[in-house]
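Trainee: I'm new to this one, could you walk me through it?
Mentor: Gladly, let's bring it up and begin with a term we will need.

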Amino acid sequence: MRSSCQKNGNYVSDSERLGSVANRVGGTMSFLSTLKSALVGAAAAAFLSTAAVAADEPTVGVVVPTLDAQFWNSYVAFMKKGADELGVKLVVLNADNKPDQMVKSLEDLVAQKVDGIVFTPYWATAARGLTLAKEADIPVILTDSYPDFSPQTERFPNYIAFIGPSDEDAGYQMAKALFAAIKPGPDGKKVIGVVNGTAGTSVAIDRRKGLEDALKEAPDVRVAGEVDGNFVRDTSQTAFESLFQGNPDITGVWAANGGAATGVMAALKNHGKAPGKDVMVVGMDLNPENVDAVKSGDLLFDIGGHWLQGGFALVALFDQIKGIPVPAGGDNVKLKLLPLTKDRVAQFEKDFPGGVPTYDFRQHSRFYNKDAKPAVFEMQYSN
């Protein structure tokens, strides 16, 4: 007996009905298969696109001496801004004021196979760090402190540039401002105290050279004593308190950086002295709290802005990674720093809102802007 069903008044056999169903199912399955292929293709394309972007985004490792100092936090913040604009993954490590940790951090970056490294070679770590990077074929830019050998040599071809401050000139300007502001004592001498930076670093050595240059021109200035503040506030405060206690005739203090100046001012207040009145203080870095101190009159003179060196280094290193090398003539950059006195605070705040200049990282990158000049670093007042 044949099974059948009626359609529009006609009888259709089971085999015909099943065939029709199969055709519809087959069509649906074909459509689903096509849709699936399209979705898989789109997902794959999206994945490949993401992978391409990730592959095109270089990773740059950064090691700073300490994040306990305001200066290095500003340095890192500016680099992060640059990384966002350039399309760079930034890995920041803190040496925590420990030589061993500086080396370990560099070893970690090499193990991660970063595309480039920016580090500050305190504690004579330049050769060790550059050797580690050279063995892994990683380009390096040193900032702030430099070793006793130049960039782009046969020994370290991967050491592509140094970017840092003109420390000797800055130390000299600080001293000249201090000497002009303090009055001589009964013996005709202007008595000062000195709070130096981290011993052995080119930064501390060069700034002290600047002070020495100024002292040679000022026979009426006598140095009561010198201490090492290690470029940080608390150490500087403790060290200067001891110095001042033994030399209460000090009327001026040359402090090697912003942290040292802040520590000195705190120590003076603890001794019942008014910074900027009883004792003049000069410092360096243009940290926000020191800018405020200049504005209030507590700090006589500050000079700096060189925490921008990290961002400048990032641009140069990014271009190097992208196949646009740092030219030999632009591989050793000493930044001319910004002096700040109370009468220039308004101009500083106008040109450097929040302490940061208007700076377009892509416009300064030769990879993004073929007309950009290599090693162009702008640190100046608008008028």
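Mentor: A nonpolar core is a set of buried Ala, Val, Leu, Ile, Met, Phe, Trp, Tyr and Cys residues joined through side-chain atoms within 4.5 Å, where buried means under 20% relative accessible area, exposed over 50% and partly exposed in between, with a 1.4 Å probe and protein chains only. Please keep in mind that this is a predicted model, in which local features need pLDDT of at least 70 and side-chain atom pairs count only at pLDDT 80 or more, while totals for chains, interfaces and linings use all residues. Residues are numbered from 1 along each chain as its sequence is written, and side-chain values use heavy atoms, with hydrogens and water left out.

Trainee: Which residues touch the most other members of the largest nonpolar core?
Mentor: They are Tyr75, Phe179, Trp254 and Phe312, in a core of 60 residues. Helix H2 (residues 70–86) supplies the largest share of this core, with eight residues; helices (H or I, at least four residues) and strands (E, at least two) are DSSP runs numbered from the N terminus. There is also a second, separate core of 29 residues, and Ala239, Leu243, Phe244 and Val291 are among them.

Trainee: OK, strands now. Is S8 buried or exposed?
Mentor: All seven of the seven residues of strand S8 (residues 190–196) are buried, so the strand is largely enclosed by the rest of the structure. Lys190, Ile192, Val194 and Asn196 point one way from S8, whereas Val191, Gly193 and Val195 point the other way.

Trainee: And which strands does S8 pair with?
Mentor: Two strands pair if DSSP finds at least two bridges between them, and S8 runs parallel to strand S9 (residues 221–228) with seven bridges joining them, Val195 having Val227 as its bridge partner in S9. S8 also pairs in the parallel sense with strand S10 (residues 252–255), over four bridges, and there the partner of Val194 is Trp254, a residue also named among those that touch the most other members of the largest core.

Trainee: What packs against S8 and its partners?
Mentor: The buried residues of H7 pack against S8, S9, S10 and helix H8 (258–270), contact meaning heavy atoms within 4.5 Å. Those buried residues are Ser236, Gln237, Ala239, Phe240, Leu243 and Phe244, and of these Ala239, Leu243 and Phe244 belong to the second core.

Trainee: Switching topic, how many aromatic pairs are there?
Mentor: A search of the whole structure finds 19 aromatic pairs; rings of Phe, Tyr and Trp (its six-membered ring) pair if their centres lie within 6.5 Å, and planes under 30 degrees apart count as stacked, over 60 as edge-to-face and the rest as tilted. In one of them, Phe312 and Tyr359 have ring centres 5.3 Å apart and planes at 50 degrees, so the pair is tilted.

Trainee: Where do Phe312 and Tyr359 lie?
Mentor: Phe312 lies in helix H10 (residues 309–321) and Tyr359 in the segment after helix H11 (345–351), so the pair ties together parts that are 47 residues apart in sequence. Phe312 is buried, with a relative accessible area of 1%, and Tyr359 is buried too, at 5%.

Trainee: What about Phe348 and Phe352?
Mentor: Their ring centres are 5.4 Å apart and their planes are at 15 degrees, so that pair is stacked, and both residues are buried.
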